Amino acid sequence: MGFFDLFKKKQDNTAAEPSQQAAGQPAEQAAEQAAEQQRGREELAEGLQKTKSGLFSKLARAVAGRSTVDVEVLDDLEEVLITSDVGVETTVKIIRSIEERIARDKYMNTSELNAILRDEIASLLEQSHSSTEDFGIEVKEGTPYVMMVVGVNGAGKTTTIGKLAAQLVKAGRKVYIGAADTFRAAAIDQLAVWAERAGATMIRQEMGSDPASVAYDTLKSAVANKADVVLIDTAGRLHNKVGLMNELTKIRNVMAKVIPDAPHEVMLVLDGSTGQNAFEQARQFTLATKVTSLTITKLDGTAKGGVVIGISDQFHIPVRYIGIGEGIDQLRMFDRREFVDALFGEKKE
Ligand SMILES: Nc1nc2c(ncn2[C@@H]2O[C@H](COP(=O)(O)OP(=O)(O)O)[C@@H](O)[C@H]2O)c(=O)[nH]1
Ligand SMILES: [Mg+2]
């Protein structure tokens, strides 16, 4: 995407937000936003640096000294993708698609490989936001939008909720957070710290209390206080599948008593640095409950960023957000173009 497109896109967004437009000069503001978006891209590229350099050095090795994409190059490419945690199924899909292209065009130069890979990967990823307003959440006027956040311990649920709440509050939304991970007192306190930093209201009970009861209280309170968004933190104990399924089902059922179509979103948080383990967690959780979106955390400091591609493709669940650091502003709305641009460098037009 060129600078002009960037500019244009931002202007469109501004037009959709009259309150912001009134606050400043539209042209100046658009330029400022374009600059901010550029900073965002740089930060994303920095966050994905390890995945990028891993992938690139492997790709460079795969094509070294070869000019055409032949069977050997494809074999090596397959290995590169698998060792970059893209996953076997998705890798096979990508390779097959490149083979079809070669069969059609008869010949493919290795120098074209990057661009082709970028297109293939982008086409495998689903776009998960229709708008960047409200940090990608479709807030409905009148009823709180309820998101239940699931995932194993340590995946980054609480941190992600805190970061997300901060963005929503920044966008002018009233956010309620339910501390339904009642397993450890420290978990509730940690969430309380995040809620305060974000400027959100947290609803809690004693440690050890029923998570479904906390969720119920949170929704009741959110409705009474006309909140825009409710984020429900949960405990991710994977002691056994049936136990997890029962607990999540119970929370869901109780929420539906307050708001019939809640939860509107069930977001599974996965630690990207765990690579293949994240695939396994996605398998477990999708069996236990209906998962509608994903957040992949800790992509900073890992070379396993390929998991984003494989998990999104294999489970047909869009990636909503990615975590690229522990800081409050280090949660990004996932954008497939931005993601491949960050991995492969911006496309030359
Ligand atoms: N580097 C990095 N660390 C993260 C990210 N997201 C979460 N963490 C860290 O991962 C650890 C576990 O996070 P937490 O939110 O408590 O996980 P939970 O058990 O699923 O609630 C904490 O130390 C977080 O600071 C991220 O995107 N990048
Ligand atoms: Mg937690």
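Mentor: Let's begin with a definition: a residue is buried if 20 or more other C-beta atoms, placed from the backbone, lie within 10 Å of its own, exposed if 12 or fewer do, and partly exposed in between. The model is predicted, so local features need pLDDT of at least 70 and side-chain atom pairs count only at pLDDT 80 or more, while totals for chains, interfaces and linings use all residues. Residues are numbered from 1 along each chain as its sequence is written, and chains are lettered from A and ligands numbered from 1 in the order in which they are written.

Trainee: Thanks! Is Thr158 buried or exposed?

Mentor: Thr158 lies in helix α8 (helices are DSSP runs of H or I with at least four residues, strands are runs of E with at least two, and both are numbered from the N terminus). Because Thr158 has 23 C-beta neighbours inside 10 Å, Thr158 counts as buried.

Trainee: Which residues does Thr158 touch, not counting those up to four places away in sequence?

Mentor: Two residues are in contact if their C-beta atoms, placed from the backbone, lie within 7 Å. With residues up to four places away in sequence left out, Thr158 touches Ala187, Gln190, Leu191, Trp194 and Asp233.

Trainee: Which helix gives the largest share of the shell around ligand 1?

Mentor: A residue is near a molecule or strand if its C-beta atom, placed from the backbone, lies within 6 Å of it. There are 19 residues around ligand 1, and Gly156, Lys157, Thr158, Thr159 and Gly323 come nearest. The largest share, three residues, comes from helix α8.

Trainee: How many charged residues does that shell around ligand 1 have?

Mentor: Ala, Val, Leu, Ile, Met, Phe, Trp, Tyr, Cys and Pro count as nonpolar, Asp, Glu, Lys and Arg as charged, and the others, Gly among them, as polar. In the shell around ligand 1, three residues are nonpolar and twelve are polar, and the charged ones number four.

Trainee: How is α5 oriented to α6, roughly parallel or roughly antiparallel?

Mentor: The axes of α5 (residues 71-83) and α6 (residues 88-105) come within 9 Å and cross at roughly 150°; axes are lines fitted to C-alpha atoms, for helices over the stretch in contact, and angles run from 0 to 180 degrees between N-to-C directions. Angles under 35 degrees count as roughly parallel, over 145 as roughly antiparallel, 65 to 115 as roughly perpendicular and the rest as oblique. The crossing angle therefore makes α5 and α6 roughly antiparallel.

Trainee: How many residues of α13 are buried?

Mentor: Among the buried residues of α13 are Val307, Ile309 and Asp313. The helix is largely enclosed by the rest of the structure, because of its nine residues the buried ones number seven.
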